Amino acid sequence: MASMARASSGLAYPERFYAAASYAGFDGSLDSSTKNVTSRFSNDAALLLYALYQQAIVGPCNVPKPSAWSAVEQSKWKSWQGLGHMASTEAMRLFVKILEEEDPGWYSRTSNSVAEPVVDVQMNHNSKVEPVMENGNAYPETKTIAIENGNLMETQDKDVVLEGLGSIVIYDQWVAPPISGQRPKARYEHGSAVVQDKMYVYGGNHNGRYLNDLHVLDLRSWTWSKVDAANIAAEESSSPAPLTPCAGHALIPWDNSLLSIAGHTKDPLDTIQVKEFNLQTGKWSTLKTYGRPPVSRGGQSVTLVGTSLVIFGGQDAKRSLLNDLHILDLETLTWDEIDAVGVPPSPRSDHAAAVHAERYLLIFGGGSHSSCFNDLHVLDLQAMEWSRPTQQGEIPAPRAGHAGVAVGENWFIVGGGDNKNGVSETVVLNMSTLVWSIVTTVQGRVPIASEGLSLAVSSYNGEDILVSFGGYNGRYSNEVSVLKPSHKSTLPSKILEGTAPDSVSAVHNATNPTRDVESEFDVGQEGKIREIVMDNIDPDPIKSKGEGTSEHLMATLKAEKEELESSLSREKLQTLQLKQDLAEAETRNTDLCKELQSVRGQLASEQSRCFKLEVDVAEVRQKLQAMETLQKELELLQRQMAVSEEAALSAKQRQSSSGVWGWIAGTPGNQKLDES
C-alpha cells in the first residue's frame, strides 16, 4: 500500500532514477550488460543509457580500455569515458530524460511494486544523495491532470507538463499557450527580449506603419500588459520628446535595462541611435555614444558578446545593402569599426547571428533585393578573420527574416521566407560540429512560418522553452507559440564523417551535460568526427581474435559503403537542385526575353509615333510659312488700294476746283468732263 501511494504521488530523485533503470533493464549490478537494453532501444540510446547508468552508480570511468577486437565493449567504454566528471545527480536526470524520449509512457507501465536496487556505492564522496536541483528549484515530481470530460488522465511526469500553459507540452512541437490580457497589435520586424521570466516586445511594423509601443508578457501567468513608458528625453534638453516609431531594430537586455539599437524610421537619422529603457524607472532615454557610429540601418544583426555589441550588415535608408562590421563597447559606449581579414558575407539584411564559446560569431541566411541565402559564415572575434566552413547534416533552405536563439551550443532557427512562401521547418545547428538537423515541421500557413517574427528563450521548471511572437506570412500576427526542445534536439541527429571545420573549435564544457553526452562521438587522430556503429549482437567472449577482426572489418566496410551511398544521395539531391535552379533560371531568362521583346515593340511603336509627329510638325510649319506669305500679299494689296483711293480722291478734288478757271478760259465743262 505504501508503495502504491508513493507511485501515485510521484517519485523524487534518486528513487525516480532507480525505477527508470529497473524498467530499462539494468539489474543494479555494476557490470550491467546492454543485452536487454539494446533489444528494446536503438543502439545510440542504449549506449547513452549504459554510460549514464554507470556514471550515476560508479562515477567517472576509471576502468582500462577493453581489447581492440571487441567493438561493442569498446563503444560502451568510449560512451562512459566521454562523460568525464559529470555529477551523478546530473547523470540520473539525463538517464530519466532519455528514457522518457524513447518510451514516454514508461512510468505508467512501471509496476508499483518494483523494488529499488540497493547500491552500496558512495557517490561524490557523500553517502546522502540530495534531490536534483536546477535553477534553485527542486526537480519536479509527477502530477495527475484532469481532462475536460471530468476523467483523469494517467499519471504524467511533471517534466512534460508546463503548468503555466495549463496543458501538456510535447517535446519538439509548437503549441499555443492560453494567453490572457490585452494582446499587442499584430506586427512583424519588432524586437523582443526576456528579462526575469518576462518577455518584452517593442516597436515593429503593421500595415506599413512603424510602431513605438512597449508590451510585456508574463511567462508564468501568460498575461499581456502594456507598459506606459515615459517619452524619450532629448539629448540637449530635459523635456521629453516623442519616442520615434521604428522597425527592423534589435532589443538587447543589459544591466536591468533594454537597449533598442538601430532600425528603420519614417525620417531616418544619419547614424545609428541607441535607446535605453530603464526597467526600474520605466523611462526611455538616448545613450550618448562616442567614436564614429555606423550609418543608420534596419534588418541588421546585433549580438551581445561579453560587454560588447557586434553589429553586422543590414539595409540603410537608401535601400543599399551592407556587410560592414561594428562593435559598441557597452562599458565605455564607444564605437569601433572593424576591418576583418578574409572574405566577409555578401551584403545582406534580415539574417540571423549567434555567438559560440564567446569567440565565434556565426552568420546564417539573409536576403538581398532579389534572392535569399542559406550560407553560413564564421567570424573569429579574436583573430578578426572571416571563414566559410562546410555545413553538414540537413542544411536548411535559403531564407530571410528568420529568427534564431542559442541554447548552450545549439542554435535554433525558426521561420523566415524565400520570397515565395514562409519556411515551415524549425532547425537546429550544433555550433561545435556544424551539423544541422530538423526539430519539427509545421503544416499550413501558421504564425510560426512567418517572416519578421521574434524568438526568445526562457526556462520553466529548469527546462528551456522557446517563445515566438508575431510575424507576417500574408497577414500580420500577434500570436504566441512555445516549443520545449527535447534532449535529442540538442544533439546532432547524424554526424557524417568529414573534416572538422578549423574555424569552429569543439569546446568541451564539463558543466554542460549536453556537451558531455555528445562525447559518445569519437574524434579521430586525423581530426575527423566519426559516428559510432553498434549492431544488435550478443558479444561472445569465446570468439577468436580472427573472427572478431573480420567482423570489425565488415562493419567498417559497411559503414564506408553507407557513407558513400549517403554521399551519392547528397550529390544526386544537389544535382537535382542545380537542375531545378537551372530550369528556374531558364524560365526567368525566357520571361526576360519576352519582356525585352515587348519593350522593343513598344519602343518601335513610340519611334513611329514620334516620326509621324515630326511630319505633322513640318506640315504645320509649311502652312505657317504660306500664311505669312499670304499675310504679306494682303498687306501689299491693302497699301495699293489705299494709294488708289488717295489718287482718286485727289483727282476729284482737282476737278472740283478747276470749274471756274475753265469757264474763264472758255473751256466748256462738258469737254473737261469728257477729257477726264
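Biologist: How many residues lie between β21 and β22 in their hairpin, and which residue in the turn has a positive phi?
Modeller: The hairpin has 4 residues between β21 and β22, and Leu333 in the turn has a positive phi of about 55 degrees. This is a predicted model, in which local features need pLDDT of at least 70 and side-chain atom pairs pLDDT 80 or more, while totals for chains, interfaces and linings use all residues. Residues are numbered from 1 along each chain as its sequence is written, and side-chain values use heavy atoms, without hydrogens and water.

Biologist: Why are β21 and β22 called paired strands?
Modeller: Strands are DSSP runs of E, at least two residues, and helices runs of H or I, at least four, numbered from the N terminus. Pairing requires at least two DSSP bridges; 5 bridges join β21 to β22 (334-338), so these antiparallel strands pair. Ile327 stands opposite Asp336 in β22.

Biologist: What joins β20 to β21?
Modeller: β20 (308-316) and β21 run antiparallel and are joined by 7 bridges, so they too meet the criterion for pairing. Gln315 has Leu321 of β21 as its bridge partner. In this hairpin, Arg319 takes a positive phi near 65 degrees.

Biologist: Why is β21 described as mostly covered?
Modeller: Buried means under 20% relative accessible area (1.4 Å probe, protein chains only; exposed is over 50%, partly exposed in between). Of the 9 residues of β21 (321-329), 7 are buried, so the description applies.

Biologist: How many residues of α2 are buried?
Modeller: In α2, 8 of 10 residues are buried, among them Arg16, Phe17 and Tyr23. Gly25, which follows α2, has a positive phi near 115 degrees.
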